[in-house]
Amino acid sequence: MSSREEEAISQARKKALGFNLILVTGGSGYIGSHTVLELLVAGYGVVVVDNLCNSHWEALVRVHWIVQQDYMKRGRTPDEVPPLFFHEVDITDKDAFQSVFETWKADESTSTRKPMFKFAEEKKKPAKKGTRSVPKDIGALAYKQTFKCKEFPASSTQFQLPKNRPTEVKITDVIHFAALKSVGESVQMPLSYYRTNVGGLLNLLELMKEYNVKKIVFSSSAVVYGKGKETNIREDSIQVGGGGAGGGLLTNPYGRSKWMDEEILNDTSVADPDMEVIALRYFNPTGSHPSGLIGEDPRGTPNNIIPVVMQAFQRRRSRVYVYGSNYDTPDGTGVRDYIHVLDLARGHLAALRKLTTLVATPTPPTDDPTSPVSPTFNRRMSRASVSSTGSSRETSFSAQRTNYRCYNLGTGTGHSVLDILKAFGNVCGNDIPFVLSDARAGDLGTVTADVTKASSELGWYAEFGLQDMCRDVYQWAVDNPQGYERLRRLSMMAQIDPEAVRHIMDTVEDEDEESEAGTDVGSNRSSGDFGAFIRRLSVMTIDDNKYKNVMRKASIAGPYLGKLLEEDEEEEDGSEGQGSRNGSFSWNVPFKVDQNQTMPQPNPPFNTNNDPSKSPFAEKWGFGGNGNWQTPQSKVQNAH
Ligand SMILES: O=c1ccn([C@@H]2O[C@H](COP(=O)(O)OP(=O)(O)O[C@H]3O[C@H](CO)[C@H](O)[C@H](O)[C@H]3O)[C@@H](O)[C@H]2O)c(=O)[nH]1
């Protein structure tokens, strides 16, 4: 590790000192980013781990910026916003994941936390002296930015810095979002789902154990209720811990992976009485932050109703197919419990506070061996759960523990598909075209939550209604017609052809100088700091004219890049337009061209009178005698 990296880690740790530090896996995704926002608003420091497979780092920059505005609305200064750090790491890569824990591990010399019990078979191994991952300071990036956004009210989340600020740097809790989440895709690629959703959780729990992190909020789903449970579903209608039905009613690998995760978490809490687990079962999340700066950006063709409606509004599909009109519901269409993503995010805060209370007032251990808080009892439970005889008596030992809790997060109110179409039509002032169609295989008529447990035990309840959800989704759709897609493309562009990007950096220089948004593009051009450049361009994504200007210049620079940046037209049936969906961007990481990547045939640039050979990049990209451009890849293929 270079001295510069060591210095960066040391600076980050200094910045984090005094904050309760929460590790959020999958924190740049849809629900993750809104939760990070609420954590910062509430005064928590946040460390995000995300592999960006279905999200964009830009979301986090926007999050920190929104929180700065939120703080100002509350009479505080942006400097007071807690730190937000980002690691681009895949949780299935255990070594890389461990390097994050190494970076943020407690300083042993100042640590006051001691494990309460040590079982013989679980003696803590010394932490591996592995590499340490260098965190990106998102707050520092956000301070330089200017975004245009809708006026939004200050968050209702209370600012609650702990009375005694932590005197050591330590991750105290984990919120685990990182997972794959498409039902249909999980049927096609079950192994990927189990690898990420189950394998990733195992890595996390092993690392939490090794680094003595004991509290976790887990992102579960109403999907774990499976078939057969419909209206006002209670948490105890299925049993985690072998005490009843559950996983058997599930119909797809995604649902099974979430169910398995809950079982694993429960078993872990049985084996370790110090562990505190809360699983949150989401119903149908939708909505976005009212600023219109962050929102849902589903990759590929969306299947969920709200993104589908949004696409119909954007004319990216001709109509919405309403699946099923003969259900036993008021208007015959499917009824679901839609919950605003900000309510969901605040549900995670409520869960964190619950975990904090539990740890702050622990039940003292007792010598009574039949007591569930006795070490003797827990040792027995531990043995029972690994016994090979599997008698029913022993099975009952592995019943759900009190340090494992699950809660529904929903509103308790159902809305039909037609209600959604009407509400969305109201906010956008246009009717959403739809057609009644056959029911989708496996769909249920009604799925709504009983939310009394969350309100009585977490003190949480949903504040937003359907109209709020539709309004905020609409705002996001209007301001970000392609979600973060443009950003993904710009990032992809920097990865594929840094030379061409450098050329665009030259051509947009004047624009940068005119811009009021601070940027370090110019000063870093020679050192290839594309991160700064992409960040600068990301500001332009909201200003359509500027963005189009850049696209035009990108076409000048390189035909493939021009193609990459072209607006994609969604097919009528909703299938994806061309353009990469795999682009991601890493700061200061050498850009690599993936030689196996299949690149689309680029269009000729339009500034060279359709003579590609006049482009400054003609030689680099190759020019076929038939007038078609060739990427290096297609050139290789043609040679064989
Ligand atoms: O193009 C569409 C898409 C959906 N629907 C209908 O809209 C309702 C909601 O469907 P979604 O696909 O948006 O959501 P589901 O309730 O089917 O599934 C969601 O909630 C589940 C838990 O209940 C799981 O978490 C799952 O991953 C998640 O997508 C259903 O009646 C569905 O039939 C349509 O009519 N047309």
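Which residue in S5 is the bridge partner of Leu21? In S5, Leu21 is partnered by Ile171. The structure is a predicted model, in which local features need pLDDT of at least 70 and side-chain atom pairs count only at pLDDT 80 or more, while totals for chains, interfaces and linings use all residues. Residues are numbered from 1 along each chain as its sequence is written, and side-chain values use heavy atoms, with hydrogens and water left out.

The protein has 24 helices and 15 strands; both are DSSP runs numbered from the N terminus, helices being H or I of at least four residues and strands E of at least two. Of its 640 residues, 55% count as buried, where buried means under 20% relative accessible area, exposed over 50% and partly exposed in between, with a 1.4 Å probe and protein chains only. Contact is defined as heavy atoms within 4.5 Å. Among contacts between residues at least 6 apart in sequence, 81% join residues at least 24 apart.

An open sheet contains 8 strands in the order S4-S3-S2-S1-S5-S6-S7-S12, and its pairing is mixed. Its edge strands, S4 (136-137) and S12 (404-409), each pair on one side only; two strands pair if DSSP finds at least two bridges between them. Strands S1 (residues 21-25) and S5 (residues 171-176) run parallel and are joined by 5 bridges. Helix H2 (residues 30-42) packs on the sheet and touches S1, S2 (45-50), S3 (84-88), S5 and S7 (276-282). The direction of H2 makes about 165° with that of S2. Helix H4 (residues 94-103) lies across S1, S2 and S3, at about 170° to S1. Axes are lines fitted to C-alpha atoms, for helices over the stretch in contact, and angles run from 0 to 180 degrees between N-to-C directions.

The axes of helices H7 (residues 190-210) and H8 (residues 253-271) come within 9 Å and cross at roughly 20°. H7 is therefore roughly parallel to H8, a term for angles under 35 degrees. Residues of H7 that take part in the meeting with H8 include Tyr193, Tyr194 and Leu201, and those of H8 include Met260, Ile264 and Leu265.

Gln475 lies in helix H15 (residues 466-479). At 12% relative accessibility, Gln475 counts as buried. Apart from neighbours within four places in sequence, Gln475 is in contact with Lys150, Pro290 and Gly292.

Conventions. Angles under 35 degrees count as roughly parallel, over 145 as roughly antiparallel, 65 to 115 as roughly perpendicular and the rest as oblique.
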